[in-house]
Amino acid sequence: MAKRGTGPSYGISMPPKSPNVGLNDGARMPQLGLGLWQAPDEDAAQIVGAAVDAGYRLFDTAAAYRNERGVGEGLASAGVERDKLFITTKLWNDNQGYDAALVAFDKSLMRLRLEAVDLYLVHWPAPKRDLYVETWRALIRLKEEGRARSIGVSNFEPEHLQRLMDETGVAPAVNQIEVHPRFQQRRLREFHARFDIRTQSWSPLGTGTLLDDSTVGAIAKKHSVTPAQTIIRWHIENDLIVIPKSTTPARIRENTDVFDLRLDEDDMARLAQLDTPDGRIGPDPMTAPF
Ligand code: A2P
């Protein structure tokens, strides 16, 4: 990959491209950001740099991605004030439990070179461990201390969310779940809406598998945009927070150019029909082996 500053469109930090959306705790976050799953640690700094230059301000990593160090390096040299960035990381399952979560959080902060993250998520409910409620209490403490400005979860099903709310009285600000046109998660999104929990879409392009879909292709052609832009815009129009992953600078830029595109009712109706009950690509949170 080219070094930052050597390419024609590098080295200029674009103004933020994405609008912000409100969370149930009063915070605001960009609706579009960069997913860093599978971004190698040694490349992460350059990827983050390219994305900042393209106007991204939301970066989504996790302890399990093993790239927090590279992400931290990229953020430190990005030349953007800390308060203009929105950084999410996640607690891995092995570190669930009240004390273990606090220790793991400190390690994430250290790797990221940050004093606080904007959003800290419990990565999976891991129901067999049955530790997610006490883990959530640790996150509530981190929020009270101001070191995690907002707190949320990932891959939680309604029963897990309900239990958190019943036992602690604190609703997550965000539930980050697998969502894309082939797996639209309408039931879970309706549950979120009832409790003012924001839905954030992971693998929003279906890990890239939706890019060859003929319906997506036809709509993209109609609007003279790419399939990736069409799908990202579908997430935006559905009021989802979306974090497409790319390690390629040109695609990173392409994926943020979605704010002049408008999908019409017919486009949205056709994309709605792509939903299938077995469209899930990633693990099922109820049965995941970890
Ligand atoms: P790459 O990282 O090589 O750019 P998801 O966000 O649903 O997990 O999808 C990520 C996958 O989609 C990655 O394989 C990524 O490849 C690919 N991808 C991301 N953006 C684009 C794009 N604009 N055009 C084509 N492929 C893309």
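Begin by selecting Gly-206 together with the ligand: a backbone N or O atom of Gly-206 lies 3.3 Å from an oxygen atom of the ligand, which is a polar contact, meaning here a pair of N or O atoms within 3.5 Å. The protein buries 82% of the 570 Å² that the ligand exposes when taken alone, where accessible areas come from the Shrake-Rupley method with a 1.4 Å probe.

Before going on, note that this is a predicted model, in which local features need pLDDT of at least 70 and side-chain atom pairs count only at pLDDT 80 or more, while totals for chains, interfaces and linings use all residues. Residues are numbered from 1 along each chain as its sequence is written, and side-chain values use heavy atoms, with hydrogens and water left out.

Now show the whole shell of 16 residues around the ligand, the closest being Leu-205, Thr-207, Ser-246, Arg-251 and Asn-255; a residue is near the ligand if one of its heavy atoms lies within 4 Å of it. This shell has five nonpolar, eight polar and three charged residues.

Widen the view to the largest pocket, in which the ligand sits, as more than half of its atoms lie within 2 Å of the pocket's grid points. A pocket is an open set of points on a 1 Å grid over the protein atoms alone, with protein on both sides within 12 Å along at least five of seven lines, and its lining residues have an atom within 4 Å of a point. Its volume is about 640 Å³, and among its 34 lining residues Trp-37, Gln-38, Ser-203, Thr-207 and Lys-245 lie nearest the centre. Select helix 8 (227-237) and helix 9 (249-254), the elements that give two or more residues to this lining.

Finally, select Trp-124, Asn-155 and Arg-280, which are among the residues lining the largest cavity, a set of points where a 1.4 Å probe fits but cannot get out. About 40 Å³ of space lies in this cavity.

Notes:
Polar contact = N/O pair within 3.5 Å; in protein donor to acceptor, adjacent residues only side chain to side chain. Nonpolar A, V, L, I, M, F, W, Y, C, P; charged D, E, K, R; others polar. Points joined across faces, edges and corners; volume = space filled by probe spheres on them. Helix = DSSP H or I, 4+ residues; strand = E, 2+ residues; numbered from the N terminus.
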